[in-house]
Amino acid sequence: MQYQPKIHVRRQEIASAEALVRWDHPTRGLILPGEFISAAEAAGSICALTLWCIKQVIHDQRIFAERGYDIPVFVNISGVLLADSEFVAQVCALLETGPAKIGFEITETAVIRDPAIALKHLQQFADIGVPVAIDDYGAGLSSLAYLKQLPASELKIDKMFITQLTSSNRDPLIVRSTIDLAHAMEMEVTAEGVETPAALALLSVMGCDLVQGYLISRPLGRDAFLAYVEEEAHRK
Ligand code: C2E
Ligand code: MG
Ligand code: MG
């Protein structure tokens, strides 16, 4: 499991982190999720994989807390699992027992597939205090009708609009209006894929709340992430 920090732009501090899973394969080396998540979905093992991820995050979060860092961590949840009542029940049982600060990242496309059941399950997460972030906003299927109903507290603008923010004509317009839209719906906005100081400066002017990307930090293993967090704390 690796962790990538999300920084609060105005407060200049770590707001939360995203958990990103990797497969450390004995002969093929490090494999990124783009290569195995869809295979895990097709093979029916995404439920077990995601429960493993959540347990790992709970474990690592306890280590962060022992060092004095109370950092909410967001786990990516595949669309197929949003329709899986068994998965939702297991997750709720897992999270209701401890003081873990776990949030979920979901895509709108996942909700559009079967909105009634997905919204019911998202409401169950909201009821037990699990914050939901809408991931990859703008990259997949979008529906303002569903966006309005989602119990989400954060909107993450897809990196396809951010990596070329300062060299494109349209991306800044799309990003600024998306930030305004999210704020009107009382959501915080995260820009993912922030790679340059120029992009960060523009996002700050546009009122973007949180930034995530290689400019701030690449995803890091637990110990490297902890070292990053400690360095940030000492810098302040
Ligand atoms: P995502 O949730 O949108 O995650 C962000 C991806 O952008 C990550 O790729 C991250 O390494 C990458 N990234 C971060 N900063 C930058 C940047 O500044 N520039 C660029 N170009 N890329 C950046 P990664 O780790 O390969 O993950 C890919 C996708 O795999 C994730 O997209 C997420 O949808 C999925 N995924 C990752 N972990 C899990 C998991 O535990 N469960 C499930 N179901 N899906 C996961
Ligand atoms: Mg994500
Ligand atoms: Mg994303």
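A charge sits over a ring if NZ of Lys or CZ of Arg is within 6 Å of the ring centre and within 35 degrees of the ring normal. The exercises below use a predicted model.

**Exercise 1.** Find which rings lie under the charged ends of K6 and R218.

Solution.
- The charged end of K6 is placed over the F74 ring, 4.0 Å from the ring centre.
- For R218, the ring is that of Y214, and the distance to its centre is 3.8 Å.

**Exercise 2.** Identify the residues that coordinate the magnesium ion (ligand 2), and state which residue bridges it to the magnesium ion (ligand 3).

Solution.
- The donors are E18 (OE), N76 (OD1), E105 (OE) and D135 (OD), at 2.0 to 2.2 Å.
- Their spacing in sequence reads E-x57-N-x28-E-x29-D.
- N76 belongs to strand β5 (residues 73–76) and D135 to strand β7 (residues 132–137), 59 residues apart.
- The bridging residue is D135, and the two ions lie 3.9 Å apart.
- D135 has a relative accessible area of 8%, so it is buried.
- N76, at 28% relative accessibility, is partly exposed.

**Exercise 3.** Classify the ring pairs Y3 with F225 and W23 with F36.

Solution.
- Five aromatic pairs are counted.
- Y3 and F225 have centres 5.7 Å apart and planes at 40 degrees, a tilted pair.
- This pair joins strand β1 (residues 2–8) to helix α9 (residues 222–235), 222 residues apart.
- Both Y3 and F225 are buried.
- The W23 and F36 planes meet at 85 degrees with centres 5.9 Å apart, so this pair is edge-to-face; the cut-off is over 60 degrees.
- W23 is partly exposed at 42%, whereas F36 is buried at 9%.
- Y3 and F225 also share one aromatic cluster with F64.

Definitions and conventions: Residues numbered from 1 in each chain as written. Chains lettered and ligands numbered in written order. Predicted model: local features only at pLDDT ≥ 70, side-chain atom pairs only at ≥ 80, totals over all residues. Heavy atoms only, no water. Donors = N, O, S within 2.8 Å, 3.2 Å for Na, K, Ca; no water. Helix = DSSP H or I, 4+ residues; strand = E, 2+ residues; numbered from the N terminus. Buried < 20%, exposed > 50% of the residue type's maximum accessible area, 1.4 Å probe, protein only. Phe/Tyr/Trp six-rings, centres within 6.5 Å; stacked < 30°, edge-to-face > 60°.
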